[in-house]
Amino acid sequence: MVGKGRKKLISKGGVRVDGRKPGDLRPIKIKVGLLERADGSAYVELGKNKILAAVYGPREVYPRHLSLHSRALIRCRYHMAPFSVEERKSPAPSRREVELSTVIRDALEPVIFTEFYPRTVIDIFIEVLQADGGTRGTGIIAASLALADAGIPMRDLVAACAAGKVDGQLVLDLNDVEDKEGEADLPVAYAPQMEAVTLLQMDGTLTKDEFERALKLAVDGCKQIHALLKEALRGRYLAVGDVVEAGVKKGKGGES
Ligand code: ADP
């Protein structure tokens with residue numbers, strides 16, 4: 001809550017602590033397919049968040065009794081590295097990490113054609129290397145790209161970001177201090193082609209009108225991020241295409 005005497009998080013000129021305007025996203029950096037040993041991987045930086053996702057599968061389920069006869073089982077582990085936050089975090093999974101693992105899996109499952117791979121498992125690992133507010137959304141973005149990189153058929157890419165209320169104003173994509181000291185935080189995951197909200201949580205208090213406006217702001221943020229995700233994947237496949245083409249040319253040269 002905004003306490004008396006607390007440093008303001010938005011200046012009179014409407015500038016936030018990190019220099020953004022209320023409707024701005026943090027700068028985003030994306031790298032797809034960086035881990036050799038995973039079937040798919042992605043690394044995403046959103047502001048100071050640094051998150052790596054790796055995907056394995058579809059592969060055989062162990063223990064076998066967990067397998068589902070009509071679709072793939074999706075498992076997800078969201079984990080924060082001990083050095084990801086200001087004070088060393090225990091490496092053991094906290095209640096928060098267990099809950100986030102579940103909500104992230106539920107946010108991604110609707111876009112995966114799980115029915116194509118009965119009796120298999122798709123494992124998603126999300127490692128938060130550095131946290132600065134909105135790690136569940138950044139984790140969803142990275143996992144979505146890693147799933148696509150693994151070649152898993154998907155209905156859409158899930159984008160995610162939060163909106164919230166800080167110093168009485170609605171803002172997009174809250175950083176750590178805004179998340180902790182602001183009045184409300186509304187993380188959203190959204191699949192634009194399906195027009196589906198796959199994650200919606202809220203911490204704090206908003207009026208009904210503020211909630212509706214914050215949801216729209218978050219969905220618009222997700223649409224912006226979705227365009228960047230598509231671009232990153234396109235870049236990845238064009239790069240793979242270049243390597244294949246170079247290999248083909250080399251092969252031809254060898255024959256002549
Ligand atoms: P999200 O990261 O999705 O916003 P939370 O709202 O639970 O999830 O956390 C907000 C922020 O609080 C995190 O991004 C991180 O910067 C910080 N945080 C989370 N867990 C811890 C922790 N154990 N110690 C210190 N900071 C934490």
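The points below take the ligand and its pocket, then the other spaces, and then some backbone details.

1. A word on the source before anything else: this is a predicted model. Please read each value below as computed from that model.

2. Where does the ligand sit? The space taken by the ligand is the largest pocket. Two elements, α2 and α3, each give two or more residues to the shell around the ligand. The largest share of that shell comes from α3, with three residues.

3. Around the ligand you will find Met80, Val85 and Arg96, then the run Ala131, Asp132, Gly133, Gly134, Thr135 and Arg136, and finally Asp176, Asp179 and Lys180. Sorted by class, these residues are three nonpolar, three polar and six charged.

4. The side chain of Arg96 has an N or O atom 2.6 Å from an oxygen atom of the ligand. Gly133 takes part through its backbone, where a polar atom is 2.7 Å from a ligand oxygen. Gly134 also uses a backbone N or O atom, which lies 2.8 Å from an oxygen atom of the ligand. As for cover, the ligand on its own has 530 Å² of accessible area, and the protein covers 76% of this.

5. The largest pocket has a volume of about 580 Å³. Its lining counts 24 residues, and Arg96, Gly133, Asp176, Asp179 and Lys180 are the closest to the centre. Two or more lining residues come from each of α1 (95-108), α2 (135-149), α3 (176-181) and β8 (184-191). With three residues, α3 gives the largest share of this lining. What is the division by class? The lining has eight nonpolar, six polar and 10 charged residues.

6. Arg96 is among the residues closest to the centre of the largest pocket, and its side chain makes the 2.6 Å approach to a ligand oxygen. Gly133 is likewise among those closest to the centre, with its backbone 2.7 Å from an oxygen of the ligand.

7. The second largest pocket holds about 160 Å³ of space. Its lining is made of Arg75, Cys76, Arg77, Tyr78, His79, Pro93, Glu97, Val98, Ser101, Thr102 and Arg105. By class, the lining divides into four nonpolar, three polar and four charged residues. Note that α1 also gives two or more residues to the lining of the largest pocket.

8. How many cavities of 30 Å³ or more does the structure hold? There is one, and the space in this largest cavity is about 80 Å³. Of the 13 residues that line the cavity, Gly134, Gly137, Thr138, Cys161 and Ala162 lie nearest its centre. At least two lining residues come from each of α2, β6 (159-166) and β8. The classes here are seven nonpolar, three polar and three charged.

9. On to the backbone, with two cis peptide bonds. One runs from Gly57 to Pro58, with omega near -5 degrees, and Pro58 is placed in strand β3 (residues 49-60). Another joins Tyr62 and Pro63, again with omega about -5 degrees. Pro63 is in the loop between β3 and β4. As background, most peptide bonds are trans.

10. Lastly, please look at Asp167. Asp167 lies in the loop between β6 and β7 (169-172). In general, most residues other than glycine have a negative phi.

Note on methods: Residues are numbered from 1 along each chain as its sequence is written. This is a predicted model: local features need pLDDT of at least 70, side-chain atom pairs count only at pLDDT 80 or more; totals for chains, interfaces and linings use all residues. Side-chain values use heavy atoms; hydrogens and water are left out. On a 1 Å grid over the protein atoms alone, a cavity is a set of points where a 1.4 Å probe fits but cannot get out, and a pocket is an open set with protein on both sides within 12 Å along at least five of seven lines; lining residues have an atom within 4 Å of a point. Grid points are joined across faces, edges and corners, and a volume is the space filled by probe spheres set on the points. Helices (H or I, at least four residues) and strands (E, at least two) are DSSP runs, numbered from the N terminus. Ala, Val, Leu, Ile, Met, Phe, Trp, Tyr, Cys and Pro count as nonpolar, Asp, Glu, Lys and Arg as charged, and the others, Gly among them, as polar. A residue is near a molecule or strand if one of its heavy atoms lies within 4 Å of it. A polar contact is a pair of N or O atoms within 3.5 Å; within protein, one must be able to donate a hydrogen and the other to accept it, and residues adjacent in sequence count only if both atoms are side-chain atoms. Accessible areas come from the Shrake-Rupley method with a 1.4 Å probe; for residues, only the protein chains shown count as cover. A molecule sits in a cavity or pocket if more than half of its atoms lie within 2 Å of its grid points.
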